[in-house]
Amino acid sequence: MHKKILSIAITFPLILALGIASMAYTHHISKTYREEIQRVEESARAGDMEGARHTLKRIIAEWETREKLLHVWVPHADTDAVSIHLQGLQVGLALGDTSLLFEHSAALMEALDHLHHRDDLTLGNIL
Amino acid sequence: MITVLVRATILFFMAVLMMRIMGKRQISQLQPYELVIAIMIAELAATPMEDISLPLLYGIVPMLTLMMLHSALSIASLKSQRLRALISGTPSILIKKGVVQEDELRRNCFDLNDLLEEVRAGGIENPADVCTAILETSGKMSVFPHAQKRPLSPEDMGLSVSYEGIPLTLVLDGDIQHQNLTVGGLDVNWLNKTLEGLGFHGPAEVFLASLDTQGMLFAQGRGNKPRMKIARVLNAEKVGW
């Protein structure tokens with residue numbers, strides 16, 4: 001009986017804390033990167049390709065370190081989608097191909113949303 | 001591939017730990033909710049084991065959740081009879097005073113062949129000898145014969161028998177079972193001397209040695225044609241376990 005009560009007393013707060021922490025962190029990452037990508041897009045629209053390239057380079061370097069941590073609780077397919085579109089964005093900027101750039105930018109926004117979609121406590125996810 | 005090995009190892013031990021925490025019951029003795037949890041744990045461990053793109057936590061967190069639910073249901077079942085009946089069901093009396101209860105059979109989707117099979121499994125050949133048969137919540141059948149048909153016991157004969165407890169295993173495959181020696185209030189020196197007295201040169205030569213509550217030591221040596229020795233080594237009054 002004591003063992004069972006102890007197992008609940010340890011497991012329940014642990015899962016709850018883990019769930020809340022992972023949800024908060026994924027939301028934070030998603031929001032931060034969406035803002036950063038918007039900045040890259042604005043620079044590109046304003047014709048500041050060098051500035052956009054510079055910002056994107058920093059974003060990719062940061063993402064590569066954060067991705068490893070996200071792999072602990074986010075399915076790899078979701079983080080891989082972000083990496084692929086970040087690279088696509090980089091190619092678009094390097095070629096100066098704005099249609100390719102905006103295509104990947106839109107897809108990247110969607111991929112960033114997917115990072116936290118599964119974790120969101122919504123009726124849709126539960127059902 | 002090494003990742004799969006590590007993940008499989010972690011998930012295996014996690015699943016074993018979950019089952020250990022759940023208790024020592026065998027599959028056939030599981031309550032319905034325990035069986036559901038056991039099947040789900042196996043499935044939950046298998047999915048992230050083979051798909052390395054899924055985080056390990058996708059297997060571990062649901063397993064922990066199931067363990068938690070199991071603990072909660074077990075505690076609730078202990079605390080409330082009504083809840084226990086709701087979760088685990090109630091035993092059904094299929095044979096009462098020797099009469100097969102047709103309604104109960106139908107309610108439990110049990111046909112007569114199933115019933116007779118369980119009666120035979122209970123060690124009774126003739127269904128007419130059965131007084132009571134209860135279908136337990138675990139799905140196991142308990143069968144009791146009429147008082148006239150049950151095996152004779154010492155009490156029926158008016159005999160008094162001495163205490164008969166569990167024999168202590170003192171040597172297992174050459175290894176001394178120190179914990180059992182302590183339980184019996186014995187020590188290694190006593191064991192060595194006793195075994196020497198029986199012709200063994202130490203516990204390493206002994207495959208199995210057990211001491212019963214009558215003070216009789218049974219020792220079997222190693223090999224295809226082992227030495228078998230049975231001797232009284234303690235007075236029954238000295239047995240304290």
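This is a predicted model: local features need pLDDT of at least 70, side-chain atom pairs count only at pLDDT 80 or more; totals for chains, interfaces and linings use all residues.
Across all chains, the search of the whole structure found 3 aromatic pairs. In one of them, the ring centres of A:Tyr25 and A:Trp73 lie 5.7 Å apart and the ring planes meet at 70°; the pair is edge-to-face because planes over 60 degrees apart are counted in that class. This pair joins distant parts of the chain, its two members being 48 residues apart. A:Tyr25 belongs to helix H1 (residues 2-45) of chain A, whereas A:Trp73 lies in the loop between helix H2 (49-70) and helix H3 (76-95) of chain A. A:Trp73, with a relative accessible area of 14%, is buried because its value is under 20%.

A:Tyr33 and A:Trp63 form another aromatic pair, also edge-to-face, with 5.5 Å from centre to centre and 80° between the planes. Distant parts of the chain are linked here too: A:Tyr33 is in helix H1 of chain A and A:Trp63 is in helix H2 of chain A, 30 residues apart. Both A:Tyr33 and A:Trp63 are buried.

Apart from its neighbours within four places in sequence, A:Tyr25 is in contact with A:Arg66, A:Leu69, A:Leu70 and A:Trp73. For A:Leu70, which is 45 residues from A:Tyr25 along the chain, the separation between the C-alpha atoms of the two residues is 8.9 Å. Elsewhere in chain A, a charge is placed over a ring: the charged end of A:Arg45 sits over the ring of A:Phe102, at 4.5 Å from the ring centre.

The largest pocket holds about 830 Å³ of space. Its lining is made up of 22 residues, and those closest to the pocket centre are A:Gly19, A:Ser22, A:Arg118, A:Asp119 and B:Val61. Two or more lining residues come from each of H1 and helix H5 (123-126) of chain A, and from helix H3 (57-79) of chain B. H1 of chain A gives the most, with 7 residues. By residue class, the lining of the largest pocket consists of 15 nonpolar, 4 polar and 3 charged residues.

A:Asp78 is located in helix H3 of chain A. Its relative accessible area is 8%, so A:Asp78 counts as buried, the limit being under 20%. When residues up to four places away in sequence are not counted, A:Asp78 touches A:His114, A:Leu115 and A:Arg118. A:Arg118 is also listed among the residues closest to the centre of the largest pocket.

Chain B was described as a whole. It contains 8 helices and 9 strands. Of its 241 residues, 32% count as buried. Among the contacts in chain B with a separation of 6 or more, 48% are made by residues 24 or more positions apart.

Notes: Residues are numbered from 1 along each chain as its sequence is written. Chains are lettered from A and ligands numbered from 1 in the order in which they are written. Side-chain values use heavy atoms; hydrogens and water are left out. Rings of Phe, Tyr and Trp (its six-membered ring) pair if their centres lie within 6.5 Å; planes under 30 degrees apart count as stacked, over 60 as edge-to-face and the rest as tilted. Helices (H or I, at least four residues) and strands (E, at least two) are DSSP runs, numbered from the N terminus. Buried means under 20% relative accessible area, exposed over 50%, partly exposed in between (1.4 Å probe, protein chains only). A charge sits over a ring if NZ of Lys or CZ of Arg is within 6 Å of the ring centre and within 35 degrees of the ring normal. On a 1 Å grid over the protein atoms alone, a cavity is a set of points where a 1.4 Å probe fits but cannot get out, and a pocket is an open set with protein on both sides within 12 Å along at least five of seven lines; lining residues have an atom within 4 Å of a point. Grid points are joined across faces, edges and corners, and a volume is the space filled by probe spheres set on the points. Ala, Val, Leu, Ile, Met, Phe, Trp, Tyr, Cys and Pro count as nonpolar, Asp, Glu, Lys and Arg as charged, and the others, Gly among them, as polar. Contact means heavy atoms within 4.5 Å.
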